[in-house]
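Here is a walk through one predicted model, starting at a helix end and working into the sheet. Have the structure open while you read.

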Amino acid sequence: MSVPGNSAPSLRIPPWLRVKLPCSHTYGDTRSLVDDLRLNTVCQSAKCPNMFECFSSGTATFLILGNVCTRNCAFCNITPGQAAPPDPDEPRRVAEGAARLGLSHVVVTSVTRDDLPDGGSAHFAATVRALRSALPAAESGQPATIEVLIPDFRGSRAALDTVLDAAPDIINHNVETPPAHYPRIRPQADYAQSLELLARVRAAGAIAKSGLMVGLGETDDEVCATLADLAATGCHIATIGQYMRPSRNHPPVERYVHPDVFESYAAHGHALGIPHVFSAPLVRSSYNARAAYDALQQLRGSRGKLRETEAEKKM
C-alpha cells in the first residue's frame with residue numbers, strides 16, 4: 001500500500017482535530033431529554049469529540065445496560081467495575097427518547113456485561129423491539145432504521161442469535177485495533193472471536209459493520225491487514241478514526257494520522273471489497289451512522305434487495 005507519510009508523533013493536537021463547539025439550543029434540549037429519561041449515552045460516557053455536533057443536531061447514541069463496564073480496555077473512558085442489574089424499563093425509555101428526538105436512524109450500544117449469562121443480548125433484543133413499536137414510519141413510508149453496536153458476548157452463538165432474531169438493520173461489532181495490540185489495548189477480548197462474530201452476522205443475511213482506531217502504536221501495514229481480515233468476513237461497512245486520549249490515565253497518542261492517510265485507508269478497503277469505508281480523523285462507529293447506511297444502500301440497492309442478495313449467496 002502506498003500512502004502519504006504520517007504526521008510525526010506530537011503532543012499538540014493537529015488542526016484537523018480541533019473541534020469547534022457549536023452554539024445551539026438544540027444541544028441543551030438533547031441533553032435535557034437524556035437526563036429526564038435517565039438514559040446513558042456513549043457520547044457522554046466515552047467523551048466523544050463529536051458530542052457537541054451530534055447533540056446540537058438532535059441525535060445521540062444510546063448506551064444500555066448501565067454505564068459501568070465489566071472489562072477494562074485501555075482506550076476506553078467508560079468506568080470499569082461491578083455493574084448493576086439491567087433495568088427492565090430501559091428499553092421503553094430508549095424508545096421514548098428516540099421518538100421524542102424524531103430519529104430516523106437509531107444507534108444503540110452497551111457496556112460489556114460478562115457478568116450476565118447472555119451477555120445482555122436479551123436486553124438488546126428488547127430495546128430493538130421497543131424501538132420498532134415506538135417509531136412510526138416516516139413520510140416516505142419507511143420505518144426508522146436501527147443499528148446496534150454489540151460486544152462479543154464471549155463468542156456465544158445463542159446470544160448473537162437473540163440479537164439477530166430481533167432484526168436490527170445493522171449489527172456493528174468493533175475490532176478496535178490490529179491483533180498484535182490486543183494484549184496491551186484490549187486484553188479481555190479475542191480478535192479471532194470478533195472476526196467470527198462478524199462472519200456469522202454476514203452469514204445470517206444481516207448488514208455487518210466494524211471499526212478500528214489508529215494512533216495506538218499500530219503501523220499502516222497492520223491497518224491494511226485488519227481491513228483485509230474484515231473484508232474476508234464479508235463486512236459491509238468499516239469505520240476508521242483517530243484515537244484521542246480521554247485522560248492522562250489512558251495510553252498516550254503515539255501518532256496523529258494525516259487526513260490523506262485516512263483517505264488511502266478507505267481506498268485500500270474498497271479495493272479489498274468492503275462496500276463502504278468511512279475513514280477520517282473524527283470518525284467514530286456511530287458518527288453519521290445514517291449517512292454510512294444510506295451510502296451502503298445506494299451501492300447495494302434497497303434493504304430488501306440486499307437481503308435477497310445475501311440469501312442467494314447462501315443457496
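## Around helix α6

Just past the end of α6, alanine 167 adopts a positive phi of about 60 degrees. Most residues other than glycine have a negative phi. Alanine 167 sits in the loop between α6 and β7, and with a relative accessible area of 38% it is partly exposed. A word on terms: buried means under 20% relative accessible area, exposed means over 50%, and partly exposed is in between, using a 1.4 Å probe and protein chains only. Helices (H or I, at least four residues) and strands (E, at least two) are DSSP runs, numbered from the N terminus.

Some housekeeping: this is a predicted model, where local features need pLDDT of at least 70 and side-chain atom pairs count only at pLDDT 80 or more, while totals for chains, interfaces and linings use all residues. Residues are numbered from 1 along each chain as its sequence is written, and side-chain values use heavy atoms, with hydrogens and water left out.

Back to the helix. Which residues of α6 are buried? In α6 (residues 157-165) they are Ala159, Leu160, Val163 and Leu164. These four cover an arc of only 140 degrees around the axis, so they sit on the same side of α6; the arc is that of the directions from the helix axis to the C-beta atoms. Turned away from that buried side is a face with the exposed residues Arg157, Ala158 and Asp165. The cover over the buried residues includes α5 (121-134), β6 (145-149), β7 and α8 (191-203), with contact meaning heavy atoms within 4.5 Å.

At its N-terminal end, α6 is capped by serine 156, whose side-chain oxygen lies 3.4 Å from the backbone nitrogen of alanine 158. A polar contact here is a pair of N or O atoms within 3.5 Å; within protein, one must be able to donate a hydrogen and the other to accept it, and residues adjacent in sequence count only if both atoms are side-chain atoms.

## The sheet

Now for the strands. The model has an open sheet of 8 strands with mixed pairing, in the order β1-β2-β5-β6-β7-β8-β9-β10. At the edges are β1 (40-41) and β10 (276-279), each pairing on one side only. Two strands pair if DSSP finds at least two bridges between them.

| Parallel strands | Bridges | Residue pair |
|---|---|---|
| β2 and β5 | 3 bridges | isoleucine 64 and serine 110 |
| β5 and β6 | 5 bridges | valine 108 and valine 148 |
| β7 and β8 | 3 bridges | isoleucine 171 and alanine 208 |

How many residues of β5 are buried? In β5 (residues 105-110), 6 of the 6 are, so the strand is largely enclosed by the rest of the structure. In a regular strand the side chains alternate between the two faces of the sheet. Here His105, Val107 and Thr109 point one way, and Val106, Val108 and Ser110 the other way.

On the helix side of things, α10 (residues 259-272) lies across β8, β9 (237-242) and β10. Its direction is at about 170 degrees to β10; axes are lines fitted to C-alpha atoms, for helices over the stretch in contact, and angles run from 0 to 180 degrees between N-to-C directions.

Serine 210 belongs to strand β8 and is buried, at 0% relative accessibility. A polar atom of its side chain lies 3.2 Å from the backbone nitrogen of valine 175. Leaving out residues up to four places away in sequence, serine 210 touches a list of neighbours including Asn172, His173, Leu198 and Thr239.

Threonine 61 lies in the loop between α3 (51-56) and β2 (62-64). Is threonine 61 buried or exposed? At 6% relative accessibility, threonine 61 counts as buried. Its side chain makes a polar contact with that of serine 286 (3.0 Å). Residues it touches, not counting those up to four places away in sequence, include Asn40, Val107 and Thr109. Cysteine 43 is on that list too: 18 residues away along the chain, its C-alpha atom is 6.4 Å from that of threonine 61.

Leucine 65 is in the loop between β2 and β3 (68-69). Like alanine 167, which is not a glycine, leucine 65 has a positive phi, here of about 70 degrees. Leucine 65 is buried, with a relative accessible area of 3%.
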